[in-house]
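I opened my notebook beside the viewer and jotted down what I looked up, entry by entry. Have the structure open too, and follow along.

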Amino acid sequence: MNVKTQIGRALGAVGFLIAAGFASAEVVVVVNSASAVQQASASEIQQVYLGKRNDIGGASLTPVDVSEGSEIRTIFYDKVIDKDPAQLNAYWSRLIFTGKGIPPKQYFDEAEVVEVILENEDSIGYIDAAGVTEGLRVIYTVK
């Protein structure tokens, strides 16, 4: 085996380990700790993110999204919303066209989502569990 092959295999193994780390990210749904929402079901969160309701337990919520293409967004929409990116785009296109809804505002990354939630008591978002900080309350853990 030559040096190029060995280096290629080593880099491939490192890439696989990094990808495995992202795939095993624990996604949590969070709100501002001052929010009245203590916990939520996947169904309630799904309805908020699809614009079918704007509250959980009587507390008004505004969903915020991580930008398209983010691994955390893919996991959240696959496991909680039960839609892939194409289905989601088609869903929102129909609602926007008919004037019946607008999608959640997208932010560049999880850090921006956390910032928005910390500044707004009525925001709800999803992040990697490792990003939970003081001022946030986990209301659902994605399984």
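**Strand 6**

I began with strand 6 (123-128), where five of the six residues are buried, so the rest of the structure largely encloses this strand. By buried I mean under 20% relative accessible area, by exposed over 50%, and by partly exposed anything in between, with a 1.4 Å probe and protein chains only. Helices (H or I, at least four residues) and strands (E, at least two) are DSSP runs, numbered from the N terminus.

Before going on, I noted that this is a predicted model, in which local features need pLDDT of at least 70 and side-chain atom pairs count only at pLDDT 80 or more, while totals for chains, interfaces and linings use all residues. Residues are numbered from 1 along each chain as its sequence is written, and side-chain values use heavy atoms, with hydrogens and water left out.

Which way do strand 1 and strand 6 run? They are antiparallel, and five bridges join them. I count two strands as paired if DSSP finds at least two bridges between them. In this pairing, Val27 stands opposite Asp128 of strand 6. Strand 4 also pairs with strand 6, in the parallel sense and over two bridges. There I found Pro63 with Ile124 of strand 6 as its bridge partner.

**Whole chain**

I then stepped back to the fold. The protein chain has five helices and seven strands, and from the N terminus on I read the elements as α-β-α-β-β-β-α-α-β-α-β-β. Of its 143 residues, 34% are buried. Among contacts (heavy atoms within 4.5 Å) between residues at least 6 apart in sequence, 72% join residues at least 24 apart.

**Helix 5**

Which residues of helix 5 are buried? In this helix, residues 110-119, I found Val113, Val114, Val116 and Ile117. Seen down the axis, these buried residues fall within an arc of 165 degrees, so they line one face of helix 5. The arc is taken from the directions that lead from the helix axis to the C-beta atoms. An α-helix has 3.6 residues a turn, so residues three or four places apart point the same way.

Ala111 and Glu119 are exposed on the other side of helix 5. The cover over its buried residues includes strand 1 (27-32), strand 4 (62-66), strand 5 (105-107), strand 6 and strand 7 (136-141). At the start of helix 5, a side-chain oxygen of Asp109 comes to within 3.2 Å of the backbone nitrogen of Ala111.

Helix 2 has Ile45, Val48 and Tyr49 as its buried residues. They span an arc of only 95 degrees around the axis, which puts them on the same side of helix 2. Just after helix 2, I saw Gly51 with a positive phi of about 75 degrees.

My search of the whole structure for aromatic pairs gave seven. The rings of Tyr49 and Phe76 have centres 4.9 Å apart and planes at 65 degrees, so I logged the pair as edge-to-face. Rings of Phe, Tyr and Trp (its six-membered ring) pair if their centres lie within 6.5 Å; planes under 30 degrees apart are stacked, over 60 edge-to-face and the rest tilted. Tyr49 is in helix 2 (residues 42-49) and Phe76 in helix 3 (residues 71-81), so this pair ties together parts that are 27 residues apart in sequence. Tyr49 is buried at 0% relative accessibility, and Phe76 is buried with a relative accessible area of 0%. Tyr49, Phe76, Tyr77 and Tyr126 form one aromatic cluster.

**Asp65**

Last, I looked up Asp65, which lies in strand 4. Is Asp65 buried or exposed? Asp65 counts as buried, at 2% relative accessibility. What does its side chain contact? I found a polar contact with the side chain of Arg73, at 3.2 Å. A polar contact is a pair of N or O atoms within 3.5 Å; within protein, one must be able to donate a hydrogen and the other to accept it, and residues adjacent in sequence count only if both atoms are side-chain atoms. Not counting residues up to four places away in sequence, Asp65 touches several residues, among them Tyr49, Tyr77, Val113 and Tyr126.
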